[in-house]
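Here are my notes on the model, as numbered points. Please read them with the coordinates open.

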Amino acid sequence: MIRITYAPADQALAHSIRADLSQGASPAQSLLVVLASDAALAEPSVQSEIAQAQQQGSPILPILTGAGELPPALAKLRPLDFRDGYQSDLLLQRVDKLTNRRRDIRKANRRALLVFAGLATIMFSLAIAGMSAGLVAFPVAEYNEEATFQAQWIDGLIRETLEYVQPRSTADAMNFAATYAAAPTRLHFYVRGTATAVSQAPEP
């Protein structure tokens, strides 16, 4: 949707712009056209329209219609200069560029995504083919080294604590359930793996 904001003195120009824009295709995104005369820029309604477009991230097309200076926020937007007369061809070119920019960006992003997806598929296929042919193998030695390091690290952290809860006699082993229950919860896994319970079979 294209909105036009202006002062009453620019009503005739606004009607001409609206008539020319209505003959084209629907824009890909909204656009605010500001007929930026001194009177318009002093209007609270025009200021509100500009602020709303800036908050929404909508493009703004300033059009110079008087001899005043644009505020910096509008001056950097490359305004059209219609102070010497309205030029519909320049207007339509600029409007088409502004309203279709986001659509072009989306197309470019989709193309880039397809390229990356294609490259990822090719690399995955090559990796599978390499493993099937025996050209690529998992680094077993590195995995084993890492597992050994982790085991040593864990052992260093809990060995001192386990010394106090491991069974040291047959009686301790026979009471393993109580030993296990007395151990800190975080050590239950390790107590189960390092202590052996002795079955208390009934005597004949």
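Is Asp-81 buried, partly exposed or exposed? Asp-81 is partly exposed, with a relative accessible area of 36%; buried means under 20% relative accessible area, exposed over 50%, and partly exposed in between (1.4 Å probe, protein chains only).

1. Basis. This is a predicted model, in which local features need pLDDT of at least 70, side-chain atom pairs count only at pLDDT 80 or more, and totals for chains, interfaces and linings use all residues. Residues are numbered from 1 along each chain as its sequence is written, and side-chain values use heavy atoms, with hydrogens and water left out.

2. Salt bridges. The count comes to two, a salt bridge being a side-chain nitrogen of Lys or Arg within 4 Å of a carboxyl oxygen of Asp or Glu. In one of them, Arg-3 and Glu-49 meet at 3.1 Å, N to O. Arg-3 lies in strand S1 (residues 2-5) and Glu-49 in helix H3 (residues 44-56), so this pair ties together parts that are 46 residues apart in sequence. Helices (H or I, at least four residues) and strands (E, at least two) are DSSP runs, numbered from the N terminus. Arg-3 is buried at 17% relative accessible area, whereas Glu-49 is partly exposed at 24%. Asp-81 forms a salt bridge with Arg-83, with the closest N and O atoms 2.8 Å apart; Arg-83 is partly exposed at 42%.

3. Strand S3. Five of the five residues of S3 (residues 60-64) are buried. Ile-60, Pro-62 and Leu-64 point one way from S3, and Leu-61 and Ile-63 the other way. S3 pairs with S2 in the parallel sense over four bridges, and with strand S4 (residues 80-81) in the parallel sense over two; two strands pair if DSSP finds at least two bridges between them. Val-34 stands opposite Pro-62, and Leu-80 in S4 is the bridge partner of Ile-63.

4. Ser-37. This residue sits in the loop between strand S2 (31-35) and helix H2 (38-42) and is buried at 10% relative accessibility. A polar atom of the Ser-37 side chain lies 3.1 Å from the backbone nitrogen of Ala-40. Leaving aside residues up to four places away in sequence, Ser-37 touches Ala-7, Asp-10 and Thr-65 (contact means heavy atoms within 4.5 Å).

5. Aromatic pair. The structure holds one aromatic pair. Phe-82 and Tyr-86 form this pair, edge-to-face, at 5.3 Å centre to centre with 70 degrees between the planes. Rings of Phe, Tyr and Trp (its six-membered ring) pair if their centres lie within 6.5 Å; planes under 30 degrees apart count as stacked, over 60 as edge-to-face and the rest as tilted. Phe-82 is buried at 7%, and Tyr-86 is partly exposed at 28%.

Notes:
Polar contact = N/O pair within 3.5 Å; in protein donor to acceptor, adjacent residues only side chain to side chain.
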